[in-house]
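Visitor: I am new to this structure, and I would like to understand the terms used for it as well as the numbers behind them. Could you take me through it step by step?

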Amino acid sequence: MAAAGAAATDLEVVRGKRAALFFAAVAIVLGLPLWWKTTETYRASLPYSQISGLNALQLRLMVPVTVVFTRESVPLDDQEKLPFTVVHEREIPLKYKMKIKCRFQKAYRRALDYEEEALSSGSAQEAMLDEPQEQAEGSLTVYVISEHSSLLPQDMMSYIGPKRTAVVRGIMHREAFNIIGRRIIQVAQAMSLTEDVLAAALADHLPEDKWSAEKRRPLKSSLGYEITFSLLNPDPKSHDVHWDIEGAVRRYVQPFLNALSAAGNFSVDSQILYYAMLGVNPRFDSASSSYYLDMHNLPHVINPVESRLGSSAASLYPVLNFLLYVPELAHSPLYIQDKDGAPVATNAFHSPRWGGIMVYNVDSKAYNASALPVRVEVDMVRVMEVFLAQLRLLFGIAQPQVPPKCLLSGPKSEGLTTWELDRLLWARSVENLATATTTLTSLAQLLGKISNIVIKDNVASEVYRAVAAIQKSAEELASGHLASAFVASQEAVTSSECAFFDPSLLHLLYFPDDQKFAIYIPLFLPMAVPILLSLVKIFLETRKSWKKPEKTD
Amino acid sequence: MAAAMPLALFVLQLLGPGGWCLAEPQRDSLREELVITPLPSGDVAATFQFRTRWDSELQREGVSHYRLFPKALGQLISKYSLRELHLSFTQGFWRTRYWGPPFLQAPSGAELWVWFQDTVTNVDKSWKELSNVLSGIFCASLNFIDSTNTVTPTASFKPLGLANDTDHYFLRYAVLPREVVCTENLTPWKKLLPCSSKAGLSVLLKADRLFHTSYHSQAVHIRPVCRNARCTSISWELRQTLSVVFDAFITGQGKKDWSLFRMFSRTLTEPCPLASESRVYVDITNYNQDNETLEVNPPPTTTYQDVILGTRKTYAIYDLLDTATINNSRNLNIQLKWKRPAENGYIHYQPAQDRLQPHLLEMLIQLPANSVTKVSIQFERALLKWTEYTPDPNHGFYVSPSVLSALVPSMVAAKPVDWEESPLFNSLFPVSDGSNYFVRLYTEPLLVNLPTPDFSMPYNVICLTCTVVAVCYGSFYNLLTRTFHIEEPRTGGLAKRLANLIRRIRGVPLL
């Protein structure tokens, strides 16, 4: 009976042990994964390796150049070799992780009959008027004319037209192709990609030391821009100012923006602000009985005015402000002084990435004629000349570095040549790619560093889309399709910013660890302690029973 | 702002000569007015209205040009295709019982109601975006407007302006009662005024005075109105309104007299040169009917009578555009004085400052015989900072007793006594003459139950959960893992031994 009892007890002991082991197993096999799964933050997978690969992206900017040789431009035996293609590749040295190579693919061919005909006319300007066919964005056509052609003035070697064409004088020489090739490269660089343009575009991403504030002048690339013209009248009691802004916008600004429309959407509006003062008191100069604003004071002018300008509530695009300031009677006339103390001819200045301010003095004769307030009609031609020049600067359309002995055609009525627009698109594409890459890299870094951040599927898909768009844009750049490359680069920026600023990233970011422990410990401690204790007990007993047989032996 | 640099002139080939446009009549106009109404309770209400009218279709065209109409709001109208927009921010509550009916009604907090054009396809999306933009413009938390607090009333909110059809699908209405109105809401509101706060009536809008009031309500109303009598085309009207009620006792040091300077700490110095009409109306109705007389200074040039809100009212008008109004003294400070000598009463009130000083209310009242006088004070329960609660906050907080000091007429005329010689118990309070005696009564202290938070709630929950889990789980665990076996009884319990003892005595076999 005792044996039976002992056997029953042993059975019970074994059952207890098994139960304890089973508890431990359930807790470990079922409980732990369940807890892990239900409390983990959802993190969709991201293309980390591709993102890090973007940093070492090699940008190859291909500029297709069609070189057309007229009959007497090069020696006859050289003409026999046409057509053929020469590639000129050069790395643009920038202190930037992205390697940028510039590649001019020159397709040499003979001139067609109608081209010969056009080029035999009076002067280069006329010849360019009837350009043969619409050329793709970013491509160039260079006509090589005979050495003694009267198309260009005698002392000029080349001519850059208002569209995507240029004319280079040929040479009768054994090395004709080499010499002409070098000239063509010079002209093509001036018209498309130079180090300067790219450096300005990448100014935000380059180390500070090399590129000065001058380079940071252009607006950052964006999908669209808002342009606001504001007339500031701080003294409506004395001046009744009228400006024909509607006519001026229609006549001068809109053509320019239409030409620029490939680079983004533009919206223009204007407002008149009364009692809007500048932030600084001008200095009185008794010799000329006029007031002066020193150059070092100019930065302080903007901030007080800006609070009145009104944020553009209806859109997220960057705003360019152009202010026309009619100084109050007590501070008239008002002039802006440059560094040397001489008055600035235009009486205007601009602030990088913000806009421009022009001071418009009321003609002093007006005060004698009539009682206050004096009616002032603003001369919009004078004003718009200044504002349009500032607009060009703020968009980063700089004066090109013209090679020596080159004739530069002025822009047409809209104030912008086609190749200037192309150059802007090149720069903006590169800038967009750099911005998108930086955004994605920092996002990947951030997500890698902080494991609390939830990554939702829509964020992940935006990241994938941005990466794909960057790659597509780089490919399009390498194959010389500027327009589609620019569109893809814009898409890359939009998607990457969309992912980076997604509000869902912040959901769990500020959930501190100590609160987590405060919640988990009361749950885990009472469960874990018995399991651990019984495990320890079972382990000790097992070891004892393992040791026992050794002793008996 | 980075360095600004002078610009080298870039010569452009500009086509054509700059057009000198003919002097066309202005397409927008501004009217401003201030109505000052002394209220029945003795407080003073000031109502500003600034009305900008713009003869423009404001359609969604590429270029828009603003003069008096603020650009920020104009852009909203065209971008979100608004037909009407009504936004008000109010602090306090208009007490109709004491103050009479208000000119402009607004609920406490922020109220926004918008009629969209019928071209809007997704009204809810536009509504959401619009409230977000407005919250940016007015620095308010209108971004908390979402579907949970938005309604589409079908009867109560009709368009105030021109409207051909009133399909309620295009109406959205929301109120945020929690919204606290403060200076940061007033500043952007002031910026929308053409004269900013530099000239005209808007110089009076000084934030620290406007928010030191019993009631503050500012609003923006945009609506389309008829441009001419035949209503062939529409104009847009922007009304910016602001009503405040000044507490007469705080601003007037207990007197009912008031002046512009005393209320706003500013006076009117010059009219806004952009305004086509700039007037101050002072309500002088009540004083003709009452036997009280009052004096308005400077004397008004004209008066205006009309039936307003059901009663006939008389207003004194001061026209700022009239050069005589301001030129006399370089500024205009309208004053109102009560000619009747004030009643033999006195009220001194010193409001409390949080954590610095308590309220003090002193009243000198002459009580009629056999009357009951009740003085009641309303208070609001507020939550303290959680470290400021006493160790037993549920006990309540004491409000010190009120004091009643009185000179009570004596029944019997007492003879004048020698102050030094009289018994001590009767000589603490000096008595001027024998006909009355001095009494000071104290009321009971008041024990106010303030709302107290549950300080230990989160910890309790955690501990409770912990206990429940530990008890359930622990007993289950024990039950399942422990080995139970039957213990063979070696010696019996006390009862058994006792039974055996008795059995042994009786000679019966043991158990």
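Guide: What follows is a conversation about a predicted model, in which each term is set beside its value.

Visitor: What makes chain A more spread out than a compact globule?

Guide: Chain A, with its 15 helices and 17 strands, is called more spread out because its radius of gyration is 36 Å, whereas the globule rule gives 24 Å for 553 residues, and the value for chain A is well over that figure. The spans of its C-alpha trace along the principal axes are about 130 × 80 × 35 Å.

Visitor: Into which domains is chain A divided, and how far apart do their centres lie?

Guide: The assignment for chain A gives domain 1, covering 58-200, and domain 2, covering 224-395; between the C-alpha centres of these two domains of chain A there are 42 Å.

Visitor: And which domains does the assignment give for chain B?

Guide: For chain B, domain 1 covers 28-338 and domain 2 covers 387-454, and their centres, taken over C-alpha atoms, are separated by 49 Å. The secondary structure of chain B comes to 11 helices and 22 strands.

Visitor: Why is Ser196(B) called buried?

Guide: A residue is called buried when its relative accessible area is under 20%, and Ser196(B) has a relative accessible area of 8%, so it is buried. Ser196(B) sits in the loop of chain B between helix H4 (183-191) and helix H5 (207-210).

Visitor: What is the phi of Ser289(A), and what is the phi of Ser196(B)?

Guide: Most residues other than glycine have a negative phi. Ser289(A), although it is not a glycine, has a positive phi of about 45°, and Ser196(B), also a residue other than glycine, has a positive phi near 50°.

Visitor: Which residues does a cis peptide bond join, and what is its omega?

Guide: The cis peptide bond joins Ser332(A) and Pro333(A), with omega about -15°, and Pro333(A) is placed in the loop between strand E12 (319-325) and strand E13 (334-336) of chain A.

Visitor: How do helix H2 and helix H13 of chain A pack?

Guide: Helix H2 (residues 48-55) and helix H13 (residues 457-478) of chain A pack at an angle of about 35°, and their axes are 11 Å apart; the crossing of H2(A) with H13(A) is left-handed.

Visitor: Which residues meet there, and how many of them are nonpolar, polar or charged?

Guide: From H2(A), Gln50(A), Ile51(A) and Leu54(A) meet Val463(A), Val467(A), Ile470(A) and Gln471(A) of H13(A). By class, this contact of H2(A) with H13(A) has 5 nonpolar residues, 2 polar ones and no charged ones.

Definitions and conventions. Residues numbered from 1 in each chain as written. Chains lettered and ligands numbered in written order. Predicted model: local features only at pLDDT ≥ 70, side-chain atom pairs only at ≥ 80, totals over all residues. Heavy atoms only, no water. Axes fitted to C-alpha atoms, helices over the stretch in contact; angles between N-to-C directions. Helix = DSSP H or I, 4+ residues; strand = E, 2+ residues; numbered from the N terminus. Left-handed = near helix turned anticlockwise from the far one by under 90°. Contact = heavy atoms within 4.5 Å. Nonpolar A, V, L, I, M, F, W, Y, C, P; charged D, E, K, R; others polar. Domains from an automatic or database assignment. Rg over C-alpha atoms; globule rule 2.2 N^0.38 Å. Buried < 20%, exposed > 50% of the residue type's maximum accessible area, 1.4 Å probe, protein only.
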